[in-house]
Amino acid sequence: MQSRRDFLQKLTGSVIALQISPAIIAASCSNATSYYDGPVLRVAIMGLGSYGTRVAEAMKDCKKAKLVGVISGTPSKIKDWQAKYNIPEKNCYNYETFDQVKSNPDIDAVYVITPNALHHDQVIRVAKAGKHVICEKPMSINAKDGQEMVDACKKANVKLLVGYRMHFEPKTLEIIRMRKAGELGKVLFFQGLCGFTIGDPKQWRLNKQLAGGGAMMDIGIYAINGARYMVGEEPIWVTAQETKTNPEKFKEGVDETIQFQFGFPGGAVASCLSTYSMNNLDRFFLDAEKGYAELYPSTGYGPIQGRTSKGELTQPHVTHQTVQMDEMAGIILEGKQPPVPVDGEEGVKDLKIIDAIFLAAKTGQKVDIKL
């Protein structure tokens, strides 16, 4: 079975890494000569599939975050993870029992890495158990559910973060820095192309009840989120057009390809593509009055490749999820503020935009966006 993550892994190579920049170097991966003596976020991973495994492997190199627990509906996976990551029996739960994490002082946070439609109830249950939550994107399947998750975490006085790993990626952050510093001038245009040809038609990503849609919920969210942080403004309107060439594989409510366009208050426009039926699409391009910036690949696991009108971006590389988890530990434990937000409110904004894109594609009308 080929998933988006399998595709991105093949697209960007077997060496999984990203760059280090001054903005995040303090909480980046550990190395043989460095030493950290601060607080450590103790994390349980919920959902032990391919991406959960990727996060677990990356956390081996974290300084500020440590894998200490697992939650899964598959007993054999729990046993395998116990042996591989030295996880004690008392920190292992299934989907019926994980509310008991409330009485476990050895777990600080739960990273929810399950199908999209399950996030809402699982995040709320974790919050009621008094634990911080990291939720994989998209945070949920619509903005209403997302807001309920945010409200539940606020009520429980726990933090809710979303797995936006690109918000810590140094080439991405360098372009954002250049834009903020005025080095590129007034932003005029953004293009975000995100897609691949999906495989197994029976996988959960093509099941509307579990995924909440199709390509848009999986890969299109990168273009949505990327448009926002690359342009540096929130879109105020959207138009969208859906194309479906294989209605047997892409059932009702499961989008195959959607092209969508944003307008921004400063006058910039964006043109984006989300698809499950075309390969070689992982590119961001930003055009401005004084120059341009391009990332290609733009959202794969690494190495990200980038250049601007001033030249190539050439920083060294480290694993995305390692940096993400160390940075998120700093946010939860030390109150750090990331250059680009990764909180639940950020997740709700993306969901509101997705809701608007689906409405625009359905009606053929320009839809106003109010975030």
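Which helix gives the most to the lining of the second largest pocket? Let's work through that and a few more on this predicted model, where local features need pLDDT of at least 70, side-chain atom pairs count only at pLDDT 80 or more, and totals for chains, interfaces and linings use all residues. Residues are numbered from 1 along each chain as its sequence is written, and side-chain values use heavy atoms, with hydrogens and water left out.

**Exercise 1. Find that helix and describe the pocket.**

Step 1: On a 1 Å grid over the protein atoms alone, a pocket is an open set of points with protein on both sides within 12 Å along at least five of seven lines, while a cavity is a set where a 1.4 Å probe fits but cannot get out; lining residues have an atom within 4 Å of a point. Points are joined across faces, edges and corners, and a volume is the space filled by probe spheres set on them. Helices (H or I, at least four residues) and strands (E, at least two) are DSSP runs, numbered from the N terminus.

Step 2: the helix is α10 (residues 344-363), with five residues in the lining.

Step 3: the volume is about 380 Å³. Of the 18 lining residues, K208, E242, G253, F358 and K362 lie nearest the centre.

Step 4: sort the lining by class (Ala, Val, Leu, Ile, Met, Phe, Trp, Tyr, Cys and Pro are nonpolar; Asp, Glu, Lys and Arg charged; the others, Gly among them, polar). You get six nonpolar, four polar and eight charged.

**Exercise 2. Describe the largest cavity.**

Step 1: there is one cavity of 30 Å³ or more, and the largest cavity holds about 70 Å³ of space.

Step 2: its lining includes K137, H167, N225 and Y229. By class, that lining has five nonpolar, three polar and two charged residues.

**Exercise 3. Work out how α6 and α8 pack.**

Step 3: list the contacts (heavy atoms within 4.5 Å). T172, I175, I176 and R179 of α6 meet Y229, M230 and V231 of α8.
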